[in-house]
Amino acid sequence: MRKKIAAANWKMNLTWKSSGELMDAILKTDHVLKENQLAIFAVPFPYLHRMNEKIAGRTHTFIAAQNCASTNNGAYTGEVSTEMLESMGIQYVVLGHSERREYQRENHQLLMDKVNRCFEQGITPIFCCGEPLSVREANSQNNFVETQLKESLFHLTADLAEKLIIAYEPIWAIGTGKTATNAQAEEMHAHIRKVLADKFGQQIAEKISILYGGSVKGTNAAELFSQPNVDGGLVGGASLNAEEFNTIIKSLP
Ligand code: PGA
């Protein structure tokens, strides 16, 4: 059965103190995740180790990095390699978030390299895709997202592809309060699964969790997650509030 996943994306928010308090508040819940459910927290690099210690012993709960280097260890000042992440017990990395594609000029080739660095270390990439408003308005979103998947993921073998997590995040819905409708999310998720099935086979595509991101909140999570091809969410703003994020976790089917 596909994993159902609530993933927090803290982005570049919180301090040492406030991040510790937030995680403690989230973990206070007595909610128990089911066998097929995961909670993942993508936190800033400096907090990875501490957050990993805080979740130690929790079932189905993991810490993720928000980025990694496209190269192996070496003379790359300021970069963080997947070897480093693996060595400290990090099993997930968010890749290709639209903010990194835009502000850090991350392109398909660079993301392909990063995907490869992750798999070399046994790390699961949470690969983000999604169209800007202009593309949605031109009704070209299916082709746009398909290209993102093709250019950075289609070199993978099927046995690696089945380990992927995909996050569909329409840029016009990120941090805007404007969520895709359930129908818009389901339509794109079904399209993504078809693109993956055409390339890697239906059996593989059925195993890949596809998360929705873009203004997911406690009030809309359950409905979004009830769509047949929506396997959970990648949550920015609402993951910075313990009560909200716990509501989102509890909304996983
Ligand atoms: P948001 O961000 O939930 O604040 O819209 C989602 C994301 O960018 O991952």
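## Basis of the description

Because the model is predicted, local features need pLDDT of at least 70 and side-chain atom pairs count only at pLDDT 80 or more, while totals for chains, interfaces and linings use all residues. Residues are numbered from 1 along each chain as its sequence is written, and side-chain values use heavy atoms, with hydrogens and water left out.

Helices (H or I, at least four residues) and strands (E, at least two) are DSSP runs, numbered from the N terminus. Strand β3 covers residues 61-65, and four of its five residues are buried, a word that stands for under 20% relative accessible area with a 1.4 Å probe and protein chains only.

Strands are said to pair if DSSP finds at least two bridges between them. Strand β2 (residues 37-42) pairs with β3 in the parallel sense over four bridges, and here Ala39 stands opposite Thr61. Strand β4 (residues 92-95) also runs parallel to β3 and is joined to β3 by two bridges, with Ala64 opposite Tyr92.

Helices complete two β-α-β units, both of them right-handed: β2, helix α2 (residues 48-54) and β3 make one, and β3, helix α3 (residues 82-87) and β4 make another. Right-handed means that, with the strands pointing away from the viewer, the path from the first strand over the helix to the second runs clockwise.

A pocket is an open set of points on a 1 Å grid over the protein atoms alone, where a 1.4 Å probe fits, with protein on both sides within 12 Å along at least five of seven lines; its lining residues have an atom within 4 Å of a point. The largest pocket holds about 400 Å³ of space and is lined by 15 residues, with Lys11, Met12, Gln66, Arg100 and Gln104 nearest its centre. Helix α4 (residues 98-103) gives the largest share of this lining, three residues.

The second largest pocket holds about 290 Å³, and of its 14 lining residues Lys3, Tyr92, Glu162, Lys163 and Ile165 are the closest to its centre.

## Helix α9

Helix α9 (residues 182-200) has 19 residues and reaches 26 Å from its first C-alpha to its last, close to the 27 Å expected at 1.5 Å a residue, where the expected span is 1.5 Å times one less than the number of residues. Its buried residues include Met188, Ile192, Val195 and Leu196. Gly201, which follows α9, has a positive phi, near 105°.

Conventions:
Buried < 20%, exposed > 50% of the residue type's maximum accessible area, 1.4 Å probe, protein only. Points joined across faces, edges and corners; volume = space filled by probe spheres on them.
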